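Please take a look at the sequence and structure on the screen.

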Amino acid sequence: MTPAGFLAIALLVLVPAWGVWRSRPDRPKQERKARYKSTMALGLGLLAALALVAWREGLGLADLGLGPLDRTGAWSLAAAATLLALLSLGLRSTKARKERPDDSATAMLPHASDEVPLFAAMILVAGIGWELLYRGFLLWFLPPFTGLWPAVAIAALAYGLAHGWHSGKRFAASLVSALLFTTGYALTHSLWWLILIHLGLPLIGYLGWRRLRQTPPATPAEALA
């Protein structure tokens, strides 16, 4: 089997299996810094494997979705930047929610200042790495065997499972977002705007959660409002 085949098996089988295993409710939870480091180590290892595949197969950045922007890619990048700007502005202008989010939904967010640099590094590796691997590489590797749209579905399912199985609702949300991202890449052949969204959303989410932590709990009267 070629290095490309081994990498595809890792992304489609091994990484999703590891993600589901790691999210088991009976498994002791890792300390956040350890989770950041393990996620980065996995991403960097897979990116090293992708570099080897690119060298063996003669793949350039354009083959993996990082080529020069055409009109479609430029419009997509502008739309992504606008969306993130609107979300950021909305975060600043709206009143804080009266109820705090579930702890399970914020488990990966940094709770202490010394966790923030590692969190930012993890977001950078994941934002670039997962897009290159699960969109750029898999949609280069799979279509000759499956066709484009089955490849989109397969890559999205694997990506959703790689995030673990915390609940049916959270997995469904992860799968839908993976399908949207993968379909977006299939239509635009550009990863630039997807990377921007992948980097921006966790940072906006962290800033929003941090703002909630700094907001006093709602009074009974506010809770009924």
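I shall speak about helix packing and then about aromatic contacts.

This is a predicted model, in which local features need pLDDT of at least 70 and side-chain atom pairs count only at pLDDT 80 or more, while totals for chains, interfaces and linings use all residues. Residues are numbered from 1 along each chain as its sequence is written, and side-chain values use heavy atoms, with hydrogens and water left out.

Helices here are DSSP runs of H or I, at least four residues, numbered from the N terminus. Helix α1, residues 3-22, has a kink of about 40° centred on alanine 10; the bend is the angle between axes fitted to the seven residues ending at a residue and the seven starting there. Among the buried residues of α1 are Leu7, Ala10, Leu11 and Val15, where buried means under 20% relative accessible area with a 1.4 Å probe, protein chains only.

Turning to aromatic residues, tyrosine 134 and tyrosine 159 form an edge-to-face pair, 5.3 Å centre to centre with 65° between the planes. Rings of Phe, Tyr and Trp (its six-membered ring) pair if their centres lie within 6.5 Å, and planes over 60 degrees apart count as edge-to-face. This pair links helix α4 to helix α6, across 25 residues. Tyrosine 134 is buried at 1% relative accessibility, and tyrosine 159 at 6%.

The charged end of arginine 135 sits over the ring of tyrosine 159, 4.4 Å from its centre; the criterion is CZ of Arg within 6 Å of the ring centre and within 35 degrees of the ring normal.

Key. Helix = DSSP H or I, 4+ residues; strand = E, 2+ residues; numbered from the N terminus. Buried < 20%, exposed > 50% of the residue type's maximum accessible area, 1.4 Å probe, protein only. Phe/Tyr/Trp six-rings, centres within 6.5 Å; stacked < 30°, edge-to-face > 60°.
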